[in-house]
There are 2 protein chains.
Amino acid sequence: MPEKEPLNIIKIGGNVLDDPAKLQAFLERFTVVEGKKMLVHGGGKIATQIGNQLQIESHYVGGRRITDAATLDLVTMVYGGLINKKLVAQLQALGCNALGLTGADANLMPATKRALKDGIDYGWAGDLKAADVNDTLLHTLLLNHLVPVFAPLTHNRQGQLLNTNADTVASALAVAMAKEYQVSLLYCFEKKGVLAQIEDEDSVIPEINQTNYEALKQSGKLFDGILPKIDNAFAAIRAGVYLVWIGQAEQVVVSAGGAPVGTKIMA
Amino acid sequence: MPEKEPLNIIKIGGNVLDDPAKLQAFLERFTVVEGKKMLVHGGGKIATQIGNQLQIESHYVGGRRITDAATLDLVTMVYGGLINKKLVAQLQALGCNALGLTGADANLMPATKRALKDGIDYGWAGDLKAADVNDTLLHTLLLNHLVPVFAPLTHNRQGQLLNTNADTVASALAVAMAKEYQVSLLYCFEKKGVLAQIEDEDSVIPEINQTNYEALKQSGKLFDGILPKIDNAFAAIRAGVYLVWIGQAEQVVVSAGGAPVGTKIMA
């Protein structure tokens, strides 16, 4: 079997987007990532600030924000417009041929409005399956040396935009593109990686695989909040993704010679 | 010389965007426009409303709005996010493979910050030249059956987004694409076309050419406000555009058998 071409899909969130110096450092690193790549971004404090100014009240159920019509307009403006287009302009200045996208554009990510769960209506929240991603057109864009930059919005094919978790968007894109590419999925978060001791910021576990994961879990030292991330990473790997990396945006290194900091999760 | 393939570039403004019924009627017509096409949209009342809610004050000099930093963020959110992505989702629902874009995306429309004019600083306003439009990539997108939908934003290649007049965006795209295509440029506005008598809404002049234009101007019956539009149309035609049409969005007909209402401006 011939080796597949590498593709890096990198997801950044509020902790990078809210800090101009960190963001610029990340974008410079992203620009020099070799080969084909995509960026997925979430939101940040700016969405909350603008929401407050527009007097859009946040409603939460069980810790999850309900996407009512006003909130959907807010995230369409802020994620799809302000954050996405500023990222594109900044990347273009660095020589990276970024193309800003949502899942509605070119029907790249058709999704389904989330069904009622335990009687809770999550509003205009979209659930996305990897099988529905339009990987053929994404492949064409990559062949044209474009770098897709995704805001976490999808649509239902019936004219309705949907708010979709950025981690889910990154994972669905990764699984969909794994048919054609050797996909590395990089999740940037606030820590340097998965920590062996939660109180020691430098105790980064360099690699987690199915063999050492059970032992790590049983040690009881892993931070509870990280377990769903690791479980999701293994789910992506089982679905064909080559590796999942968890670490800090400003530490992203994806070159043959680089020594990446962070945690690699592999089969 | 072999005939060039037709390309229709249609521009809509606030009078259509602000009226959901008119907008839906237009999008249905746009979807059935045969062959290759692009859409360019301006803003609408929603930008003013959101600007007011965010307490962004409008500053005007000589009737032209100054794009300060807050206004640029506002148009990036509203034009580039809210309006653009809603249009894309609505078109996708109609089966039109829309792709929302700004001039920063894929470096499609690099522009220049407007120089001081008579000592006036217009702020983050971008002047766009047809020669700078990335027609090669637009051609590739059209070949992939995509329908570009442009928000009136450009960038300066140095990381700065710029606010650009939507008529100018449409005209620059038309002139740039005229190298490869037989371009019809359709400007939708509030009247049925250029009126022979300003007080008679049905006195649409079906065709204006360089021969009858002088006589029309000397008749003194044309509305003064329409003259710059006609002059800009002739400028586009001299630069290679096949024809310019001025009329109402809900009257747009672009098919072999259709009898278009509105005014055609041709060499």
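**Figure 1. The lining of the largest cavity, in chain B.** In this predicted model, the largest cavity is lined by B:Ala47, B:Thr48, B:Gly51, B:Asn52, B:Ile56, B:Ser58, B:Arg65 and B:Leu74. Here a cavity is, on a 1 Å grid over the protein atoms alone, a set of points where a 1.4 Å probe fits but cannot get out, and lining residues have an atom within 4 Å of a point. The space inside comes to about 30 Å³, a volume being the space filled by probe spheres set on the points, which are joined across faces, edges and corners. The whole structure holds 1 cavity of 30 Å³ or more. Helix H3 of chain B (residues 45-53) gives the most to this lining, with 4 residues; helices (H or I, at least four residues) and strands (E, at least two) are DSSP runs numbered from the N terminus. Sorted by class, the lining has 3 nonpolar, 4 polar and 1 charged residues. For these classes, Ala, Val, Leu, Ile, Met, Phe, Trp, Tyr, Cys and Pro count as nonpolar, Asp, Glu, Lys and Arg as charged, and the others, Gly among them, as polar.

**Figure 2. The largest pocket, seen through its lining in chain B.** A pocket is an open set of grid points with protein on both sides within 12 Å along at least five of seven lines. The largest pocket has about 990 Å³ of space. Of its 36 lining residues, B:Tyr79, B:Asn163, B:Thr164, B:Asn165 and B:Ala166 are the closest to the centre. Elements of chain B that each supply at least two lining residues include helix H1 (14-17), strand E7 (126-127), helix H6 (166-177) and strand E11 (181-188). H4(B) makes the largest share, with 4 residues. The lining divides into 12 nonpolar, 15 polar and 9 charged residues.

**Figure 3. The second largest pocket, with chain A residues at its centre.** This pocket has about 750 Å³ of space. Its lining has 27 residues, and those closest to the centre are A:Arg65, A:Tyr79, A:Asn163, A:Asn165 and A:Ala166. In chain A, two or more lining residues come from each of H3, strand E4 (64-65), H4 and helix H6 (166-177). The largest share, 4 residues, belongs to H4(A). By class, look for 9 nonpolar, 12 polar and 6 charged residues.

**Figure 4. The interface of chain A and chain B.** In contact (heavy atoms within 4.5 Å) are 38 residues of chain A and 37 residues of chain B. The two chains bury about 2900 Å² between them, 68% of this area coming from carbon and sulfur atoms. Buried area is the accessible area (1.4 Å probe) that two parts lose on being put together, summed over both. A:Leu54, A:Met77 and A:Lys85 supply 19% of what chain A buries against chain B, more than any other three residues.

Figure 5. A salt bridge needs a side-chain nitrogen of Lys or Arg within 4 Å of a carboxyl oxygen of Asp or Glu. The whole structure has 22 of them over all chains. B:Lys86 pairs with A:Asp73, with the closest N and O atoms 3.2 Å apart. B:Lys86 sits in helix H4 (residues 69-93) of chain B and A:Asp73 in helix H4 of chain A, so this pair joins two chains. A:Lys86 forms a salt bridge with B:Asp73, at 3.3 Å between the closest N and O atoms. Across the interface of chain A and chain B there are 4 salt bridges. The chains also have 9 residue pairs in polar contact, meaning N or O atoms within 3.5 Å, where within protein one must be able to donate a hydrogen and the other to accept it, and residues adjacent in sequence count only if both atoms are side-chain atoms.

**Notes to all figures.** Residues are numbered from 1 along each chain as its sequence is written, while chains are lettered from A and ligands numbered from 1 in the order in which they are written. In this predicted model local features need pLDDT of at least 70 and side-chain atom pairs count only at pLDDT 80 or more, while totals for chains, interfaces and linings use all residues; side-chain values use heavy atoms, with hydrogens and water left out.
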